[in-house]
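Hello,

Here is the structure you asked about.

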Amino acid sequence: MWELLFPAVLNGILLGGVYALVALGLTLIYGVLHIVNFAHGTLLMIGMFMVWLLAAKMGIDPYLALPVVTLAMGALGWALYTGLIGPVSRGEDKMLLLATLGVSILFDNGMMVAFSGDTRSIETAHSFSTVDIGPALVPVTKLVSFGFAVVVAGALWAFIALTETGRAIRAVAKEADGARLMGIRPARMYAVAFAVGTACTGAAACLLLPSFYVNPGVGNVFILIAFTIVVLGGMGSFVGAAFGALLVGVIESLGGLFLGESLGPILVPLTFIAVLLFRPNGLFGRS
Amino acid sequence: MKIAGIVALVAIALAPFLSTSQAVANMALLAALAVAGGQAWNIAGGFGGMMSFGHVAFFGVGAYTTAILQTRYGVNPWLTLPIAGAIAAAVGFIISWCCSRAGLQGSYFALVTLAIAEAFRILANSLDFTRGGLGISLDLNLAASNFQFSDKRVFYAVALIVALAATLVCWWITRSRFGARLIAIRENPDAARALGVDVSLTRAGALALSGAVTALTGVIYAQVFLYIDPNIAFGVWRSVDMMLVALVGGSGTIVGPIIGGLVLHLLSEGSRELIDIPGFAPALYGIVLLLIIGLLPGGFARLRHA
Amino acid sequence: MLSATGIAKSFGGVQAIKAVDIEIRSGAITALLGPNGAGKTTMFAMLAGFIRPDRGRITFERRDITGWAPERIARVGMVRTFQVTQPFSGLSVAHNIRVGAFLRENRPREAETRARAIGERLGLGKVLDRSASSLTVAGRKRLEIARAMATQPRLLLLDEVMAGLNPTEINEIVELIKQIRDSGVTILLTEHIMHAVAQLADVAHVLAGGTLISSGTPRQIAEDPKVIEAYLGHGAAQRLANA
């Protein structure tokens, strides 16, 4: 049992670390804009395609591409919000929700048109190296990705907690009108938050692709995982999102172990439903 | 103006019967199913304000109910219509009731329905009972008594009847006590409560009704194409389809989903003539959704007021 | 008719209502007064079922309604209006009122007729087919009352119905409330507009700091030093008496 359980849990934690980046981005967007960003999974998919293109066509290692992809995705997020989502929704919550849905539909299918539905993956120099940790045979890529995820999460924390922009974002999240009185422009902070949240998916994309595949439908897979993490941790709580990500990673992994490849994935939506029905504030959320 | 509109709609509805092309009949019946699905979504989402992102769950329940009842228990396909409707109604009622108990509204409700639909898909993909990823094939047995027709125009007639029934339900909502209460809940749940409206019960009834009608479209689909699998039955894009038909046409109106169904279906068929790459038509749907939100949030049906 | 005993409610760490006993006599107009933050709206919310008291019992017409859902309480005849009006914005005035009428009348046509009649009686005749969101503040207040009256209540809870109205409008509402009382409806209202309270209320209770500090006729409570203290501050009663 231990020989089976330990690797599953370990793999879950390692994957969860990368999920955390996705969830942190989603939490940031929810905390500041107070909307559920339906486009988040789609953005991650775009990021993954970006990484794939760099790796497959230009031979650039995903880990090396991290700063570039992160910045590029951030720019895309900024452009999407200021150019499309913001104007279209005119600030109404329900419209914002539908606008992010519209973006996700457009890009999920747009990418399908551009790249076809085929599944792609990459092979790096370390693709097949593994490391022994106890009874587990852990792919090196997963370890490296986890390490990078921690670093990026730390950078994100530093940005939010220590920089002036980060403080402005937090002010807008708490009280937009008050922030306006202090000279901060909420509309600009919304764009920044959306951009940073999207940049997180860019970073996550670099860390996922070495161990994962990409096709235009992959956004749908990740969006539910991201939502589950965010509600499990507590909407709006960063610590919760980080912790929830590790937990969901483990849940997903154990699901595969005990329920098999077909039925295993059901634990994620089930967790999501259960949390919302029975503990809507999650583990760390505020009521 | 209204009479001209009704005449035009009747003409459009009857036109496909004049053509002997099976391709035309196929297109017509898919359009009718789209309208029916949109009207069904409209019941809960438009009039009730319960935006469901997982409505395909009801479609799949309908499709799998008929497929399983026929292949495992030899039940006559016509009989599966009311059974599928009843099961879907129960599912809808339970989902809404649980969400009401947990205080889930708005975005949270939308997400929960999405998760439920996904859970159903995974179940259908994993259980022997549903034959997993293989899907279920229905035996070809052309006979009116077996709800299979060689001329697709008959299927179109059935789909048209369901679309009409769904539209009548929406019309009934605008004229009944139940509907008035449902709409009041959409506008202001607390005010409705203060006036004696049982919000949980009314919402549950709306989702049950909506689910039942959606399930009927699932049954018809299974009978027309004689094959379903977890992706056909529970694929997420069908939820989006239903929602868009209602939103684009005008949610919360009687004629909205009809317009929406026609517009979107024409768009998808037309775009397929131009560029036949998978994903092109749905991508256009995304653009249409963004345009509608930005320019015409009330949908085409409310063009006069815009 | 309505009796609330030992009611207490706290939010977070704040004890909003400490221990309140209230009796509402049938047929009379009772006023619940008190400075801002005294807990009047919290009391209303508890009586009407929107908030559950931590302790205590609420009895309406000899039925224990503690913890009942608001819709159930509305059905047995106690209906509230909201301080910040809550119209069904997308609906017409007539259809707003009709939702209330539907509590007692199943048939849509009859309910609509009743709703329109009530609308007329409450001075909304001219705006019945206009959208509720197009009404003035005074119109919305009337709509709140009309909707509640359409449910044929036995006890009507009016939550600061005169807030935001000008003197003419206030006088009109005062007359309206008198007519409602004369038609046999018991009324409990909270208000800040003292001269209106003086004209309307048979009994007044003053809530301050989470407890009832005074009860009696409007004149009596206005002369009660404890009430003066609650509104004007510690020692004010003494100072006024000395001045």
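Two residues are taken to be in contact if their C-beta atoms, placed from the backbone, lie within 7 Å. Please keep in mind that this is a predicted model.

Chains A and B

By that criterion, 32 residues of chain A are in contact with 32 residues of chain B. On the side of chain A that touches chain B, at least two residues each come from α3 (62–89), α4 (93–115), α9 (218–233), α10 (238–263) and α11 (267–278). The largest share is that of α4(A), with twelve residues. By class, this side of chain A has 25 nonpolar and seven polar residues, and no charged ones.

Chains C and B

Here 21 residues of chain C are in contact with 18 residues of chain B. α2 (70–75), β6 (78–80) and α3 (93–101) of chain C each supply at least two residues of the side that touches chain B, and α2(C) gives the most, with four residues. The side of chain C that touches chain B divides into ten nonpolar, six polar and five charged residues.

A helix pair within chain B

Helix α11 (residues 236–249) and helix α13 (residues 280–295) of chain B pack at an angle of about 40°, and their axes are 11 Å apart. The crossing of α11(B) and α13(B) is left-handed. From α11(B), Trp237(B), Leu244(B), Leu247(B) and Val248(B) meet Pro282(B), Tyr285(B), Val288(B), Leu289(B) and Ile292(B) of α13(B). This contact has nine nonpolar residues, with no polar and no charged ones.

Regards

How values were computed
Residues are numbered from 1 along each chain as its sequence is written. Chains are lettered from A and ligands numbered from 1 in the order in which they are written. This is a predicted model: local features need pLDDT of at least 70, side-chain atom pairs count only at pLDDT 80 or more; totals for chains, interfaces and linings use all residues. Axes are lines fitted to C-alpha atoms, for helices over the stretch in contact, and angles run from 0 to 180 degrees between N-to-C directions. A crossing is left-handed if the near helix is turned anticlockwise from the far one by less than a right angle, and right-handed if clockwise. Ala, Val, Leu, Ile, Met, Phe, Trp, Tyr, Cys and Pro count as nonpolar, Asp, Glu, Lys and Arg as charged, and the others, Gly among them, as polar.
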